[in-house]
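Please view the sequence and the model alongside the text.

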There are 2 protein chains.
Amino acid sequence: MTPEWTVFSAECPSRRSLARIANKWTAMIVVLLHEEPLRFGELHRAVEGITKKVLTDTLRALERDGMIDRALHRDGHARYELTDLGRTLHAPLSALQVWAESHVEDVLDAQDRYDAAADARTLAP
Amino acid sequence: MTPEWTVFSAECPSRRSLARIANKWTAMIVVLLHEEPLRFGELHRAVEGITKKVLTDTLRALERDGMIDRALHRDGHARYELTDLGRTLHAPLSALQVWAESHVEDVLDAQDRYDAAADARTLAP
DNA sequence: CTCCGTGGTGACGTTGAGGTAACCGGGCAC
DNA sequence: GTGCCCGGTTACCTCAACGTCACCACGGAG
């Protein structure tokens, strides 16, 4: 077997890998590209709030890590698409998206309760 | 139905939620706490490379978002444990860990290929 | 030819996550 | 009492991520 990678070790390459994929921009881009290959501008419009620079940087990093591919299309425009490796990322990352969207109320409620308790503590010590 | 949360909208609360859970520290802590409740020092030792400050900050944020609970044990020591909400996070986050550890070689190879191609491009233009 | 849209790149500034290290209260050993 | 470990907290600093803005190459429309 291979040298027993573990993300809990600080210097293990899997730690850097985890940091790359456990990232909101990565998650959104992979989820979008799973539907269909997209052009730069399409991604830029779909991921609201991302700047061109950050989008470029993220796409380059994902390309370098072998998760996406920048392919020249017949129409002369480049499109970004998932590689086989990138496709294996879709399930876990879209699970994160689904979780975030379906548990918004739970999280918001928890925050209200936490903040209310914190206020009570400071007001009546 | 609720107001159609989507992480692709910049101001949607689900975006902040996604940013919280799509995070290496969150992933590691949730995976560890799924085994058993742990004390601060145990977490600090298990998550190699995390500082006490970052661990405190992350634990507080997760507690505020209702994902973990700081419970006083019979032995007088506080232990951190997953809430019901936090337990629903385990599957997606441990999937990320598993992905990162099992695809290290793929990623490392892709990086080598990418860097070699980039070198070739700059040396022979 | 000029003008505009697309898909970037590069130089800079700002912000926020994270690192460092000192300190502190409680429990317990001595 | 003193000393020490644990579980933090605090103040301060650093650095990488991110934002802003200007610019540029290329292609197509006119």
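## The surfaces near the DNA

The residues of the surface near DNA strand C divide into 5 nonpolar, 4 polar and 5 charged, where Ala, Val, Leu, Ile, Met, Phe, Trp, Tyr, Cys and Pro count as nonpolar, Asp, Glu, Lys and Arg as charged, and the others, Gly among them, as polar. A residue is taken to be near a strand if its C-beta atom, placed from the backbone, lies within 6 Å of it. Of the 14 residues around DNA strand C, those that come nearest are Arg39(A), Phe40(A), Gly41(A), Thr56(A) and Thr51(B). At least two residues of this surface are supplied by each of helix 3 (40-46) and helix 4 (52-64) of chain A and helix 4 of chain B, helices being DSSP runs (H or I, at least four residues) numbered from the N terminus.

DNA strand D is surrounded by 15 residues, the closest of which are Thr51(A), Val54(A), Arg39(B), Phe40(B) and Gly41(B). Here helix 4 of chain A, helix 3 (40-46) of chain B and helix 4 of chain B each supply at least two residues, and the surface near DNA strand D divides by class into 4 nonpolar, 6 polar and 5 charged residues.

## Basis of the model

The model is predicted, so that local features need pLDDT of at least 70 and side-chain atom pairs count only at pLDDT 80 or more, whereas totals for chains, interfaces and linings use all residues. Residues are numbered from 1 along each chain as its sequence is written, while chains are lettered from A and ligands numbered from 1 in the order in which they are written.

## The two copies and their interface

The same surface serves both copies, since 100% of the contact residues of chain B recur in chain A.

In this interface, 44 residues of chain B are in contact with 44 residues of chain A, a contact being two residues whose C-beta atoms, placed from the backbone, lie within 7 Å. On the side of chain B that touches chain A, at least two residues come from each of helix 1 (13-21), helix 2, helix 4 (52-64), helix 5 (84-102) and helix 6 (104-123) of chain B. Helix 5 of chain B gives the most to this side, with 9 residues, and by class the side has 25 nonpolar, 11 polar and 8 charged residues.

Which residues of helix 1 of chain B are buried? They are Ser14(B), Arg15(B), Ser17(B), Leu18(B) and Ile21(B), where buried means that 20 or more other C-beta atoms lie within 10 Å of a residue's own, exposed that 12 or fewer do, and partly exposed in between, with C-beta atoms placed from the backbone. Seen down the axis of helix 1 of chain B, these buried residues fall within an arc of 160°, so they line one face of the helix; the arc is that of the directions from the helix axis to the C-beta atoms.

Helix 2 (residues 24-35) of chain B has 12 residues and reaches 18 Å from its first C-alpha to its last, close to the 16 Å expected at 1.5 Å a residue, the expected span being 1.5 Å times one less than the number of residues.

## Individual residues in chain B

Thr26(B) has its place in helix 2 of chain B and counts as buried, because it has 23 C-beta neighbours inside 10 Å. Leaving aside neighbours within four places in sequence, Thr26(B) is in contact with Arg20(B), Ile21(B), Thr58(B) and Leu62(B). Thr26(B) and Leu62(B) are 36 residues apart in sequence and 7.8 Å apart in space, C-alpha to C-alpha.

Gly49(B), in the loop between helix 3 and helix 4 of chain B, counts as exposed, because it has 12 C-beta neighbours inside 10 Å.
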